[in-house]
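Here is a short note to read alongside the model. Please keep the structure open while going through the points.

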Amino acid sequence: MNLADAYNPDLFRQQGHALVDLLADHLAQAESGTAPVLTYAEPDEQLAYWQADFAQPTNADPLPLLTNMIQRSIHLHNPAFMGHQVAPPLPLAALTGLLTGMLNQGQAVYEMGMTANALERIVTGWLAKKLGLGAAAGGLLTSGGTLANLTALLTARAVAAPADVWTEGTTNRLAIMVSDEAHYCVDRAARIMGLGSAGIIKIPTNDRFQMRTDLLEPYLAKARADGLTVFAVIGSACSTSTGSYDDLTAIADFCQAHGLWFHADGAHGGVAALSDTYRPLVRGIERADSVVVDFHKMMMIPALVTALIYQRGTDSFRTFQQKAQYLWADADAQDWFNSGKRAFECTKLMMSAKVYTVLRTYGEGLFAQNVEILYGLARQFAALVRERAGFELAVEPESNIVCFRYAGQTSDPAQIDLLNSQIRQRLLHKGQFYIVQTTLRERVWLRVSLMNPLTTAGHLAALLDAIEG
Ligand SMILES: *Cc1c(COP(=O)(O)O)cnc(C)c1O
């Protein structure tokens, strides 16, 4: 292939039309639920297939290859997809992704993302308002909740810790407090920051898997007695395994009383703020110093798009107290439009465009509808589980995540664990449903995250039938 031909607009037009047709057919089939949600292949088998494919001579028509990629992937638009917390993307958002892929705005400096940077400010400002943060709030978009949580904790350390770690290094003994049900990325972020095991104070959870906020005071006292300096508390809204919301108001009160940074990890469930029905779950989030919300989980945008919002937008300029003179004429200026000053990334995806296009085309009501349908489905599913003999619910769901298991006539815990692991394996290999499993208090539970708004009560009942079978 000649390089100039590879850039030919007519070739793009032809390939693009063919690909959109292919994806539309895929979408129709996936949404109908008539094909398996995934056709499982063992990792080595999958690798061997693609190694053999890679050894083939080039083919000027990419369609057979792209068709294979679709067939050999899990299909999030299938209503039987109830596994991990990744959204079946809105087709319009995926199409916008084609546009952003073509424009490839790097964003770190203003001219490399003029529209992208402006849209990012509007989208984060919109979300800040929805979360109920004050007029000084502001933030940025970044590549995923994991990176956003790390960024928020770096800001927290820069603002709230008594030590200047950025300049002096980590000779101090800093610490954070977080529930033992928090997402593993918080632990990872703290270790990257050099806090070590001692610097991650895990607060036990209650029988609903929420942080025991009554233990914050005694744990802080103990940490101080041990010579640690706690600078932040992280609330989960919601947690990952069970989808439980911490009492954010209690955490806010505690942080206020002790001058600590309050970070709310709303990667999955911060979106409840958009729904009149479910907003009470995030009461207190409006008092957080920083909040993380993933658009690629509950907001139907393809990965990765994450908002990191600060109560005081200007705090975001303190995260990376670093000069990059060759990029910015004035490295100290707090200019919102040079994305690289505040974001971890240098080159960054033009993520704002997908969110903005959905908001301007369909309106924000679509996001609220999605939350209400998915959280409603979880409550329906919990009711079905409770009614069926042999099934057991781990905890009443607060979000769209439900943990449950099948015990049948068995009462031996080890046997129930084994049975449920086998059920999950069997479902994975059959491909009729996609669900996952988790470990709670050392026992195995099946877990669904209802991510697809096209899933119905009928699919949920069919899942229970399949498990019983
Ligand atoms: C998913 C999740 C994360 C991690 O976000 P990614 O976008 O997957 O990096 C962090 N915290 C919580 C509570 C989550 O649910």
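**Notes on sheets, helices and rings**

1. At 13% relative accessibility, Phe-320 counts as buried (buried means under 20% relative accessible area, exposed over 50%, partly exposed in between, with a 1.4 Å probe and protein chains only). Phe-344 has a relative accessible area of 44%, so Phe-344 is partly exposed.

2. A word on the basis. This is a predicted model, in which local features need pLDDT of at least 70 and side-chain atom pairs count only at pLDDT 80 or more, while totals for chains, interfaces and linings use all residues. Residues are numbered from 1 along each chain as its sequence is written, and side-chain values use heavy atoms, with hydrogens and water left out.

3. Next, the aromatic pairs. Rings of Phe, Tyr and Trp (its six-membered ring) pair if their centres lie within 6.5 Å; planes under 30 degrees apart count as stacked, over 60 as edge-to-face and the rest as tilted. The count by this rule is 11 aromatic pairs. Phe-320 and Phe-344 are edge-to-face because their planes stand at 90 degrees, with the ring centres 5.6 Å apart. Both residues sit in the loop between β7 (306-310) and α13 (352-362), 24 residues apart. Helices (H or I, at least four residues) and strands (E, at least two) are DSSP runs, numbered from the N terminus.

4. Trp-336 and Phe-337 also pair edge-to-face, at 5.3 Å centre to centre and 85 degrees between the planes. Trp-336 is partly exposed at 31% relative accessibility. Phe-337 is partly exposed too, with a relative accessible area of 29%. Ring pairs join Tyr-110, Trp-336 and Phe-337 into a cluster.

5. Two arginines deserve a look. A charge sits over a ring if NZ of Lys or CZ of Arg is within 6 Å of the ring centre and within 35 degrees of the ring normal. Arg-72 lies over the face of Tyr-49, 3.5 Å from the ring centre. Arg-405 lies over the face of Trp-445, at 4.1 Å from the ring centre.

6. An open sheet of 7 strands runs in the order β1-β7-β6-β5-β4-β2-β3, with mixed pairing (two strands pair if DSSP finds at least two bridges between them). β1 (138-142) and β3 (200-203) stand at the edges; each has a single partner strand, so one side of each lacks a neighbour in the sheet. The twist averages 20 degrees from one strand to the next. Strands β6 (residues 290-294) and β7 run antiparallel, joined by 5 bridges. There, Val-292 has Leu-308 of β7 as its bridge partner.

7. Which helices α10 and α11 residues make the contact between them? Contact means heavy atoms within 4.5 Å. It is made by Leu-216, Glu-217, Leu-220 and Arg-224 of α10 and by Ile-251, Phe-254 and His-258 of α11. Helix α10 (residues 216-225) and helix α11 (residues 248-258) pack at about 35 degrees, with axes 11 Å apart. Axes are lines fitted to C-alpha atoms, for helices over the stretch in contact, and angles run from 0 to 180 degrees between N-to-C directions.

8. Another open sheet has 4 strands in the order β8-β9-β11-β10, with antiparallel pairing. Its twist averages 40 degrees from one strand to the next. Strands β9 (residues 401-406) and β11 (residues 443-449) pair over 4 bridges. Phe-404 stands opposite Leu-446 in β11. Helix α15 (residues 413-430) packs on this sheet and touches β9, β10 and β11.
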